[in-house]
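I opened a new page for this protein. My plan was to go from the whole fold to single residues and note what I looked up.

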Amino acid sequence: MVPTSTRWNSLYEAISRIITILLNELNPLCVKLGIKCLNEREYQFLKEYCTVMKPLTVALDILQGDECTYGALLPTLTSLMSKTLALKDDLSRMTASLPDVIVKAIKTRFDAVLDSQEGLLAAATCPKFKLRWVRDEHRREYVKELLITECRKAAPATENTNVSQIPASPAEMDFFEFQNQPTESFSAEKEVTNFLRSGYELEILNQFPNLKKMYMKYNSPTPSSAPVERLFSLGGLVLSPKRNRMSDRRFEKLLLMRYNHCFSPKQNNKT
């Protein structure tokens with residue numbers, strides 16, 4: 001495992017491989033390789049470095065996944081910051097300030113995203129997240145109000161109209177006093193409340209059409225460009241030197257067939 005600039009977690013993975021070797025076995029190996037040996041303090045620093053950086057590497061793997069939507073960004077960042085700060089008590093003076101530095105960098109880098117309405121709505125409309133990742137009660141109520149307001153905008157206007165349920169002729173109108181009886185009107189509060197109480201499977205959105213529209217609207221982007229870069233790499237495998245006479249249309253079809261298998265329903269293999 002060699003660190004590279006194109007893979008963000010490669011340095012962590014390389015160091016984590018090193019610390020799996022005991023120090024009394026690592027130094028004789030360093031002597032044979034002709035490199036400087038590590039003392040106990042340096043070895044301890046590498047171990048603590050991996051401890052602090054592990055939550056960050058897990059978060060990066062999540063956000064770079066092919067099936068990761070934009071709604072996973074804020075819950076991932078929130079969980080990352082809380083898990084990183086929770087490690088401070090177990091660190092020595094060498095790395096005690098590292099969690100604060102990481103959290104400060106995250107807040108600086110994602111300052112415009114952490115409180116954005118688009119990011120909050122994207123996360124809240126994901127059935128597996130909803131409002132569970134929001135720990136502050138006031139912030140949770142704020143996000144819920146955002147959901148209700150946006151859900152009300154997404155609802156068709158025709159659902160709120162009142163319809164007379166008792167037909168009456170003009171002659172009868174002079175004798176009877178009929179009143180329009182409203183049909184059961186749409187309630188954004190009810191739909192959001194039922195959604196928050198429902199399950200965590202993605203298919204649950206089929207029961208909430210307006211929230212489904214919101215989910216598709218705010219979760220279309222990806223939080224990372226890694227899936228797009230993997231698509232480019234796959235395109236290089238499809239358009240090989242021996243297949244250079246393909247038309248653009250055929251190349252597009254082959255590329256979609258090769259890549260979309262990640263999103264097709266998984267079928268159980270029958271023996």
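**Entry 1: overall fold**

I noted at the outset that this is a predicted model. I then listed the secondary structure. The protein has 13 helices and zero strands. Read along the sequence, the pattern is therefore α-α-α-α-α-α-α-α-α-α-α-α-α, with helices as defined by DSSP runs. I looked up burial next. Of the 271 residues in the protein, 34% are buried. Taking contacts between residues at least 6 apart in sequence, 62% join residues at least 24 apart.

**Entry 2: α8 against α11**

At what angle do helix α8 and helix α11 pack? I found about 100°, with the axes 9 Å apart. Helix α8 covers residues 137-154, and helix α11 covers residues 209-218. Angles of 65 to 115 degrees count as roughly perpendicular, so α8 is roughly perpendicular to α11. I then listed who makes the contact. From α8 come L147, E150, C151 and A154. From α11 come N210, L211, K213, M214, K217 and Y218. I sorted the residues of this contact by class: six are nonpolar, one is polar and three are charged.

**Entry 3: the largest pocket**

I turned to open space. How much space lies in the largest pocket? I noted about 790 Å³. The lining of this pocket counts 25 residues. Nearest the centre of the largest pocket lie E67, C68, T69, L202 and Y215. I asked which helices contribute. Helices α11 and α12 (226-238) each supply at least two residues of the lining. The largest share comes from α12, with three residues. By class, I recorded 16 nonpolar, four polar and five charged residues in the lining of the largest pocket.

**Entry 4: the second largest pocket**

I gave the second largest pocket a volume of about 370 Å³. Its lining has 16 residues, and W8, L60, L63, L77 and F110 are the closest to its centre. Which elements give two or more residues to this lining? They are α3 (40-63), α4 (73-85) and α5 (98-109). Helix α3 gives the most, with four residues. The classes in the lining of the second largest pocket are 12 nonpolar, three polar and one charged.

**Entry 5: T57**

Is T57 buried or exposed? I read 7% relative accessibility for T57. Buried means under 20%, so T57 counts as buried. Leaving out residues up to four places away in sequence, T57 touches N9 and Y12.

**Entry 6: K130**

Where does K130 lie? I placed K130 in the loop between α7 (117-124) and α8. I then checked the backbone. K130 has a positive phi of about 50°, although it is not a glycine. I wrote a reminder beside this: most residues other than glycine have a negative phi. K130 has a relative accessible area of 2% and is buried.

How values were computed
Residues numbered from 1 in each chain as written. Predicted model: local features only at pLDDT ≥ 70, side-chain atom pairs only at ≥ 80, totals over all residues. Heavy atoms only, no water. Axes fitted to C-alpha atoms, helices over the stretch in contact; angles between N-to-C directions. Parallel < 35°, antiparallel > 145°, perpendicular 65-115°, else oblique. Contact = heavy atoms within 4.5 Å. Nonpolar A, V, L, I, M, F, W, Y, C, P; charged D, E, K, R; others polar. Buried < 20%, exposed > 50% of the residue type's maximum accessible area, 1.4 Å probe, protein only. 1 Å grid on protein atoms, 1.4 Å probe; cavity = no way out; pocket = protein on both sides within 12 Å on 5 of 7 lines; lining within 4 Å. Points joined across faces, edges and corners; volume = space filled by probe spheres on them.
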